[in-house]
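Please review the following briefing on strand arrangement and aromatic contacts alongside the sequence and coordinates.

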Amino acid sequence: MKIAFWCKEPNCLSMSAALAGIAYTAATSFGLRSLVLNSGFNCHELERAFVEHSDTLLIKEELAYFYDSGIDLILNRLKFEGLGNTGVREQMLEIKKGLLYYLPGSTKTSREIYEEVFIEKGREALDMLENMYGLLFVACGGDINSDVNRLVIEQSDLLVILCAQLPAYNRNVSDEILSFDKEKVFLIGMYDKESKYTVKNIRKDLNVQKDSIGVIPYYIAFHDSLTDGSFVSFMEKVNKSSKKENMFYFADEIRKSTEKILRKAGLYEEKK
């Protein structure tokens, strides 16, 4: 199963929040072995959430390996060597043992070369990774008509579209994305329930059913965890939170949003 996440900005914090939060919840709360990757060139924002940084915000030396390989290495080997499954698992960063993995990108090549190889071998790579890991969360963003974005979206089984609490922004997003004949879920990132532009207003503007829209609430501790490598420890606290705690609203909404996405994907059915 491939689930594509699309945002107008390919390497933004909202994308990291949505992708990391939903993938982590799908893996730990629903038991779905998952892999996360960003198909964009030079998009490493997710590393800030998954990898602890030093005071200088440089990746720790022992993890620098991932910057030399990741998706670039897989694509290049598929192109030149016929990789098969050999060497793929070594490219992964294990986020949650046995459940959640991240495939880093690389900055060792030019955009033109990267996109050329992705267009040629991306379909094969995504299929291989899906077969190996089961549930694939793929970030893409920016120009909806770029060859890389179109390939990712067309290959996906479900499209998650990131929105904001901005009416004009959402109308533009909707116009760009409606051309794709895909099951869709709209996700409002950094959602503030105190805003007058509520999820109910957004549903009306986008003509979206209640079961096809969710939210990732704005929560400052979550925001911090996405930028300093403490995402996993923060989400562990979220999963253990009780109704008496301030973070429970965040925990409840992110679980509900994950459930909606998985239900649309045919991966979750509520027990009666």
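Ile213, Val215 and Pro217 point one way from strand β8, Gly214 and Ile216 point the other way, and all are buried (buried means under 20% relative accessible area, exposed over 50%, partly exposed in between, with a 1.4 Å probe and protein chains only). Five of the five residues of β8 are buried, so this strand is largely enclosed by the rest of the structure. The model is predicted: local features need pLDDT of at least 70 and side-chain atom pairs count only at pLDDT 80 or more, while totals for chains, interfaces and linings use all residues. Residues are numbered from 1 along each chain as its sequence is written, and side-chain values use heavy atoms, with hydrogens and water left out.

**Sheet**

- Eight strands form an open sheet of mixed pairing, in the order β3-β4-β2-β5-β1-β6-β7-β8; strands (E, at least two residues) and helices (H or I, at least four) are DSSP runs numbered from the N terminus, and two strands pair if DSSP finds at least two bridges between them.
- The edge strands, each pairing on one side only, are β3 (93–96) and β8 (213–217).
- From one strand to the next, the twist averages 25 degrees (axes are lines fitted to C-alpha atoms, and angles run from 0 to 180 degrees between N-to-C directions).
- Strand β7 (residues 184–191) runs parallel to β8 and is joined to it by four bridges; Ile188 stands opposite Val215 in β8.
- Strands β1 and β5 also run parallel, joined by six bridges.

**Aromatic pairs**

- The structure holds 14 aromatic pairs; rings of Phe, Tyr and Trp (its six-membered ring) pair if their centres lie within 6.5 Å, with planes under 30 degrees apart counted as stacked, over 60 as edge-to-face and the rest as tilted.
- The rings of Phe5 and Phe137 have centres 6.0 Å apart and planes at 65 degrees, so this pair is edge-to-face.
- Phe5 in strand β1 (residues 2–7) and Phe137 in strand β5 (residues 135–141) are 132 residues apart, and both are buried.
- Phe41 and Tyr114 have ring centres 6.0 Å apart and planes at 45 degrees, so their pair is tilted; Phe41 and Tyr114 are both buried.
- Ring pairs link a cluster whose members include Tyr24, Phe50, Tyr102 and Phe250.

**Charges over rings**

- The charged end of Arg89 sits over the ring of Tyr133, 5.6 Å from its centre (the criterion is NZ of Lys or CZ of Arg within 6 Å of the ring centre and within 35 degrees of the ring normal).
- Arg255 lies over the face of Phe30, at 4.6 Å from the ring centre.
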